[in-house]
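Colleague: Could you walk me through this model, step by step?

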Amino acid sequence: MQRIHARLGGIGTLLSLVLLSGTALCQKLQLNDLGYLETRGLNVLAFSNQYNGFFFDEKTSGIELIHHGVRTATGGAVRLQPTPEQWDKIPVMTERTLDKKNNSIELKLRYEDYAFDSRVTVTAKDDGVMIRVSLDTPLPERLVGVAGFNLEFLPSAYFEKTFLADGRPGIFPLYPSSSVNVRPNADKIPQFNGYSTFDDRGRSEFRVPTPLATCTTLVLAPEDPERYVRIRSVNGDLMLYDGRLLAQNGWFVVRSVLPANKTGTVAEWYIEPKTVPNWTRAPVIGFSQAGYHPSQSKIAVIELDKNDTPRPTATLYRVTPEGTLVEKLTGAAEPWGRFLRYEYVRFDFSSVKDSGVYVIQYDEQRTDAFPIGAQVYSDVWHPTLDVWFPVQMDHMFVREAYRVWHGTPFLDDALQAPVNIRHFDGYWMDSTTHTKYKPLERIPGLDVGGWFDAGDFDIETWHHCTTILSFVDSWEHFNLKRDETFVDQKTRFVEIHRPDGKPDLLEQIEHGTLQLVAQFKNVGFAVRGINFPHLYAYHHLGDAATITDNLPYNPALQPYERDGRTSGTLDDRWVFTPKIPSLNYSAIAALAAASRALREYDTQLAAEALSTAQVAWEKERKEPPPVRLRMMPWFLNSAECVAALQLFVTTKDERYSRRFAELIWRQLDSALVWNIATAAQAVQYMPPDYRSKLERYVLKYRDEIGKLNQDNPYGVPIGTRGWAGNHELIGWATANYYLHKSYPTLIGRELVFKALDFLFGCHPYSNISFVSGVGTNSKMRTYGNNRADFSFIAGGVVPGVLLLKPDFPENKEDWPFLWGENECVIDICAEYIFLANAVNELLTSEGKR
Ligand SMILES: [Ca+2]
Ligand SMILES: [Ca+2]
Ligand SMILES: [Ca+2]
């Protein structure tokens, strides 16, 4: 968004600087009903969000600052490293007490491994907060010199800014370049589950950063009234570290080491973040950065600070060929009300249908320019298929013009994973391999096809299945013959922007199918995934071809020794082989579907996919699921339902449709929203009475989604989990598309369009498009495998707006490392291609009505 004039109390304005110099600092923080300390321009949260025991330190927990609308500090807690990494030990918050009278929050933190308890209080004092750490018993011997109180500051919030350490000036490093010491592993507090983020090349050592500065008073960004924070340590030194020396996603850490042999207060900081008097967050004008089709409704949702005074109107200007603005429509900015921490007004400019370039102005703010036109959605999916998916292709060399995205990776796939494992990426192994292979024995034939799951490089079979299914849906519904990619499986070569006479979508379906077929052929069933044995390989950033040595492991050689064909380094990926019936059904569905799409493209692979699916189906039906999976039969039955439908569509064998009919109504009764898309997809294949029977459920579904208009001003589902909700949103809109096709009078087409509006910028926090390279202003920093470069891969769709408890929506654009906000994954991207085409089809086939 562009700002036109400096606004009183707005972001970074000259005016606010002038005001600040002559006035007092902020008012005292108050503990509000939501459980955090609040004043205008500053919130202090204390464990409003918990550390996630699954992915550990996600930089969304501990004591945190939201400073002039931006979450700039996190991780305030007793920690066991100067700059904790994601998989370092985290404290469990065992008790949190709110003291309204004293504007204070007390936390009890525990490290179970060391039976170490501490208390941390955060109390409003003067113009800031006092943080006190106290101990009832002295530090455990092992944690002396190790335990400290840390608070982490967002590097991108302090780039191009200075600090003062006891008055000595410094500049925050743009790139990590301070010093590191190497110490023996005996001194190290082990990371989670004995894993290590550091590849010490067999030397039993680890790295420790040295401080950028040591002082008792530290001022961050003295020149910037919006980022200024002063920290004074009452007892003991403050040290400022750069966490990026150990991990690119590290933050700047301020730390005080806790003293040995002491009880009572062991660390005490007074923190004073400056606030701009009467600060009011600039409005966010949510709108579609990709523009609008003339015939759809067009509603800008404007997000306002609760202290802002809503303006009565907003204006749409047309940008003329001469470069001037002509007022097209001034309309009401209708109040919608409160959602989380903001107030909302909405500006409806649906009546404007003339093709052209427009901007929206509200108050002193004007949006990026965007088009209205009949063709706006025709190409919005191109970057995803042309660029994003080719870059994700595993086992292939991928070039784009002069650039090589990656070399040919994982020619050393793969070894049978050992038994009884809980893996850091959520994979696991049972007490047996369930295969004919011994632990660490090579499973042949898996170095083919597949995609890098996400910002990481594992083969995630579940996501493969949904990706293939969605691709086949796109192929069958929209006949996407676009050809801008050259794929040669034989020489493992891919080139972007180079047509090869074959539809790219089929080349992608083939690429996923090759991996699935290989799993069944060589393992006997769909594997949970193929992933890394070492954490230091898993967190790799850069070219996938350099993660392993690409040579199969040979135990006869020494580590790091090679003989030209094999290697003594145990770095080959592991195949995780727990038996998961629902996963097998998902794979059966994907293979059955792929066999239709590939029938003419690759007859042999199509036949193999279908026979694999049919044999696997018979096997799965005969084998009762393990006891623990019978606990959630609806999930298993959902997968079986999809498999039955896909097998029926492919073969027309009524055994499959009978099984589908047996399951689907039960499924709709137990989990309506989860199953409605499958039910709707089946309408065209089932007997006529199916449609009328389903109508009852559609009515119920319509009532349910109608509530969304009261839930939030966007009228779409907004996820509340630790991973933001764009996937659910796309799934919701896709279900609406299928339902609209069969029940156009019950489910309107706007219920499909709204989701794209949201993805393209009509959402909370900012108005950036969540699809990189699509729309005027779109995500240029995402959690892809090039995130260390603060970059993106065009066409990637991010998870979007993360709702941090209790009321803070966030999607950072200056910091790519929060995966819950910014990680692009294969199934979301495939389903986005479908949705974009669904919207385009509805608007171009029905738009003239
Ligand atoms: Ca993964
Ligand atoms: Ca092609
Ligand atoms: Ca290897």
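Modeller: Gladly; a few questions on a metal site and a sheet follow. This is a predicted model, where local features need pLDDT of at least 70, side-chain atom pairs count only at pLDDT 80 or more, and totals for chains, interfaces and linings use all residues. Residues are numbered from 1 along each chain as its sequence is written, chains are lettered from A and ligands numbered from 1 in the order written, and side-chain values use heavy atoms, without hydrogens and water.

Colleague: Which residues coordinate the calcium ion (ligand 1)?

Modeller: Donors are N, O and S atoms within 2.8 Å of the metal (3.2 Å for Na, K and Ca), and sites may look incomplete because water is not among the atoms. Here the distances run from 2.4 to 3.0 Å. The coordinating residues are Asp425, Asp453, Asp456 and Asp458.

Colleague: Is aspartate 458 buried or exposed?

Modeller: Buried means under 20% relative accessible area, exposed over 50%, and partly exposed in between (1.4 Å probe, protein chains only). The relative accessible area of aspartate 458 is 0%, so this residue is buried.

Colleague: Which are the edge strands of the open sheet of 9 strands?

Modeller: Strands (E, at least two residues) are DSSP runs numbered from the N terminus, and two of them pair if DSSP finds at least two bridges between them. The order is β7-β8-β9-β10-β21-β18-β17-β12-β13, with antiparallel pairing. Pairing on one side only, the edge strands are β7 (92-99) and β13 (168-171).

Colleague: Which residue in β9 stands opposite leucine 109?

Modeller: Strands β8 (residues 104-111) and β9 (residues 116-125) pair in the antiparallel sense over 8 bridges. Opposite leucine 109 stands serine 118.

Note on methods:
Helices (H or I, at least four residues) and strands (E, at least two) are DSSP runs, numbered from the N terminus.
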